[in-house]
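I opened my notebook to go through this structure and jot down what I looked up. Here it is, for you to follow along.

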Amino acid sequence: LPFLWIGGLLASAVVVHEVIKPRLPVYRIQPLLGFPQVKWGLQDNQVWIGLPVSVSMHNDNFMEVDVYSLVFDMFYMDEEGSLLHLADISDHNQATSTAKGTKNNTTAKPEVLWQIPSRSNFTINDSLFMSMETTVFWNLILNPRFYASLWKGSGSFWLPTTGVAHVKAITKGKAGVPATLKIVCDNFIENMIVQGLSCILHDAGAGWSNISEASLSMRRHATTKLKANADGAVLYDGKV
């Protein structure tokens with residue numbers, strides 16, 4: 001019994017280290033040639049545009065990571081450096097669920113989106129869906145700091161994001177441990193290629209929380225707590 005107890009503690013420690021506190025990968029998102037998909041969200045009355053993309057990253061963790069759901073919010077700064085919500089981004093399962101008017105719940109999950117092997121490079125062609133805030137988009141286009149950052153970056157610029165993901169960590173083919181990850185990322189945009197240069201884990205918890213509510217809480221966190229520097233990258237003040 002003592003050996004079983006010690007083994008259980010060790011197994012729990014591995015789960016906490018690898019799942020609850022994972023090493024966040026550096027990712028790259030590149031647009032592909034193809035026709036965009038259009039979906040109308042019955043829940044949010046928004047138009048979702050699906051863009052074909054190539055997603056690549058390196059998983060430095062010792063466990064395979066299966067991604068089931070992804071929701072991101074994209075931001076840009078106003079003249080005072082506060083972050084403005086620019087767009088929602090979601091995976092194709094989330095966009096389809098919104099278009100059908102089905103409620104997001106934590107008991108019935110879609111099929112796995114991406115199976116990212118441990119200690120390996122990962123690349124997949126997929127579609128990510130975007131719904132933009134029209135007013136903020138035009139404010140961005142008319143924002144002189146946006147063009148200043150484009151000029152300074154020779155056509156490149158920063159767009160920070162917050163995100164929520166439902167994942168499972170798989171080890172040696174065993175059933176995965178579900179977890180909800182909340183992250184804040186600095187993204188560098190150059191030649192329409194998104195390079196995630198820095199991601200910080202804001203929060204992580206066991207189980208799958210409501211992804212829509214979690215996304216909204218991260219959006220509020222970004223617009224009330226985070227600031228951007230002159231280039232647009234996020235300035236962190238203590239815990240993000």
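**Entry: a serine in a strand.** I began with Ser-54, which is found in strand β3 (residues 47–59). Strands here are DSSP runs of E with at least two residues, helices are runs of H or I with at least four residues, and both are numbered from the N terminus. This is a predicted model, so I kept in mind that local features need pLDDT of at least 70, that side-chain atom pairs count only at pLDDT 80 or more, and that totals for chains, interfaces and linings use all residues. Residues are numbered from 1 along each chain as its sequence is written, and side-chain values use heavy atoms, with hydrogens and water left out.

Is Ser-54 buried or exposed? I found it buried, at 15% relative accessibility. Buried means under 20% relative accessible area, exposed means over 50%, and partly exposed is in between (1.4 Å probe, protein chains only).

Next I asked which residues Ser-54 is in contact with, leaving aside neighbours within four places in sequence. I noted Arg-28, Ile-29, Gln-30 and Leu-32, along with Thr-123, Ile-124 and Asn-125. Contact means heavy atoms within 4.5 Å.

**Entry: the disulfide.** I searched the whole structure and got one disulfide, that is, a pair of cysteine sulfur atoms within 2.5 Å. Cys-185 and Cys-199 form this disulfide, and their sulfur atoms are 2.1 Å apart. I read 110° about the S-S bond, and the link of Cys-185 and Cys-199 is right-handed. Cys-185 lies in strand β10 (residues 177–190) and Cys-199 in strand β11 (residues 193–206), so the pair ties together parts 14 residues apart in sequence.

I checked accessibility for both partners. Cys-185 is buried at 0% relative accessibility, whereas Cys-199 is partly exposed, with a relative accessible area of 22%.

**Entry: an alanine in β10.** Staying with strand β10, I looked at Ala-179, which is found there. Ala-179 is buried, with a relative accessibility of 0%. I then took the C-alpha to C-alpha distance from Ala-179 to Val-167: 5.5 Å in space, for 12 residues in sequence.

**Entry: the whole protein.** I counted five helices and 13 strands in the protein. Of its 240 residues, 44% count as buried. Among contacts with a separation of 6 or more, 71% come from residues 24 or more positions apart. I put the accessible surface at about 13000 Å², with 61% of it belonging to carbon and sulfur atoms. Those areas come from the Shrake-Rupley method with a 1.4 Å probe, and for residues only the protein chains shown count as cover.
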